[in-house]
Amino acid sequence: MLKSFKLPVNLFGFSWVICPLTGNLVKAEENVLTRRNESIPEKIERALFYCNEPFDLRSFSENSSESLTEFQRNSLNKIHNRLLCLGNSKFLMSILYAGYSKHIFDNSVQAMTALSALPEHSTQGRCLQKALATAKTSKSFKNDGVLFIGAHLPTGIMHAWIIENDIQPDFLDRSWVNYRPLVAYISK
Amino acid sequence: MKELVSNSSRTSKFFNTKSGLLFDNILDMIDAKCIRLASLESHIRNSYYYVQCPDTYTSVLENIVPIPPRTNWEYSSKKFFPVLKNFSKKRRICGIENIIRLVDRYNKNFNLANLTVELSGGLDSSIVIQLLRHSGIEPNLVGFQSKRYEFRTESCIQDIIKTGCKNVILMADDKGLPYSDLLSVPVHPLPNKSSIFYGRHKSIVEASVHLGSSLILNGMGGDFLFCSAVRHNQFPLEFYKWQSDDYWANEYIYKPYGCEYISPMALKPFPEIIASLRSGQDEDTRKIWARKFFREILPRELVEYAYKGSFDGVYEYGLKLALDDIQKIGNVAFEVTKNNSLNGQNLLKLAVNSLNHSHENTLDFMGKLSFGIWIYSLVRENVI
């Protein structure tokens, strides 16, 4: 299961957060949206540090795609297609679906590399499905990964990405730095 | 019948396709009637291109086509074709030290002392600065430093690059917002989308003049040189200087201050060298090749990471602050043209629609706004 943590911020005279159930960006009067007393797990705190200090992340160059086994290819296609069908509109179902792990890859870098090769990810438009597919299929995500959904405030444009230990595993995604994290998901 | 249209001067000229005459200036030919007949649709179409070049330009004023500085064109069957200079197909063996020697040669020929470089925190301007430094030239640095979240990586690069530089002016980003100071845009003979960024350029040139510079370098052209695909032994069209040079800003903003605004990456033989080195390479949107090639002179943050800040938030902020000015411009433009799409209210509606960040809405709005700015400047200066 994926557990959510809201990360509200005050900015431009308003408070902002992303609703973990609907995926909608919520804007309210300043200081209205505040974090509950529940503390943020250390894994998320660490990942937030890397969001604020992107140059402290480990840099890595593009790995040539290792060939997928038939099992990996078929399983990934099935999972990916299901997430695409659900789309952004069935947000909660997507989160629930991604929360039940089916480990195909050892780590999120492998998962992201395989997903990046799919035609649907030639542009950045399906970032949520890519991130959720990674969360579901990567063994290392269970222990170390944090999935963020954020917004480029105050424009309202949103994006999803993963930080796992000191890596942002999608080497093709160079725009994630523009988005302020407003909700985080980790494996329970 | 082919006609050669040649502009050997350092400023743009204007070609009349009907008479075949080339003019230095057309302001004295402009009156209210020709503004009313000017084609807004053509200007919006022109605004889809990075710069105005004759081969892609549709006349806004009847029969008038702007000819960029130092360019030659063939005019035939109502179309323009660039006269392309031959470039050497010899494969250059070149390392970073050769490029540094090239900068050294420029310095000996043109005396690059007391020049200013725009410090944006991006890769291209950083390459320009570091090449100068490694040739023994310490430029002044001018730019905008933002506290916005999305520009934290650029801000970090700016702090690294400016270290050790004696003359640095980094202004708060609200001194250079898009859509700022629109009512003061200098009068100009043809509408141009670049006028929307007048406020930004004005801040840059004033800061540079304050530092005693008359030569201001930017990082423009790098996107084409380092990102475009380069076929074997071909010189891509977008590598030619006139494809990437914002000559409008140079002529109407920098020259009146006695300055020149130059894109050194567009100057020969730099594009030829890069074309040769990148021959056969695919599109490289993250500029991986450039980061590796210049790694000896760049900080780790630019070599190992390819982060890119988005200007959507800044555009939105600048636009919201400029709404009153936009309405004024629209009202004046409507008075002259009687074109409803230009009136203040409609222009405001377009401005608000463009905030949905649709590329098409934004270009349509920028086209209409820059058309309105052109008319406003002509009215303000009593040209019409």
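How much area is buried between chain B and chain A? In this predicted model, the area buried between the two chains is about 2,100 Å², with carbon and sulfur atoms giving 52% of that value. On the side of chain B, Tyr149(B), Arg286(B) and Tyr307(B) lose the most area to chain A, together accounting for 35% of what that side buries. The contact involves 23 residues of chain B and 25 residues of chain A; across this interface 14 residue pairs are found in polar contact, whereas the number of salt bridges found is zero. Helix 5 (152–162), helix 12 (300–303) and helix 13 (312–321) of chain B each supply at least two residues of the side that touches chain A, and the largest share of that side, four residues, comes from helix 5 of chain B.

The largest nonpolar core has 128 residues, and those with the most contacts inside it are Phe148(A), Leu131(B), Phe226(B), Phe294(B) and Leu369(B). Helix 16 (residues 359–380) of chain B gives the largest share of this core, nine residues. A second, separate core of 35 residues includes Leu83(A), Ile104(A), Ala111(A) and Val183(A).

Within chain B, the end C-alpha atoms of helix 6 (residues 198–210) are 18 Å apart, in agreement with the 18 Å that its 13 residues should span at 1.5 Å a residue. Buried residues of helix 6 of chain B include Tyr198(B), His201(B), Ile204(B) and Val205(B), and the buried residues of this helix pack against several elements of chain B, among them strand 8 (140–145), strand 9 (168–172) and helix 9 (247–254). Helix 6 of chain B is followed by Gly212(B), whose phi is positive, near 85°.

Methods. Residues are numbered from 1 along each chain as its sequence is written. Chains are lettered from A and ligands numbered from 1 in the order in which they are written. This is a predicted model: local features need pLDDT of at least 70, side-chain atom pairs count only at pLDDT 80 or more; totals for chains, interfaces and linings use all residues. Side-chain values use heavy atoms; hydrogens and water are left out. The expected span of a helix is 1.5 Å times one less than its number of residues. Buried means under 20% relative accessible area, exposed over 50%, partly exposed in between (1.4 Å probe, protein chains only). Contact means heavy atoms within 4.5 Å. A nonpolar core is a set of buried Ala, Val, Leu, Ile, Met, Phe, Trp, Tyr and Cys residues joined through side-chain atoms within 4.5 Å. Buried area is the accessible area (1.4 Å probe) that two parts lose on being put together, summed over both. A salt bridge is a side-chain nitrogen of Lys or Arg within 4 Å of a carboxyl oxygen of Asp or Glu. A polar contact is a pair of N or O atoms within 3.5 Å; within protein, one must be able to donate a hydrogen and the other to accept it, and residues adjacent in sequence count only if both atoms are side-chain atoms.
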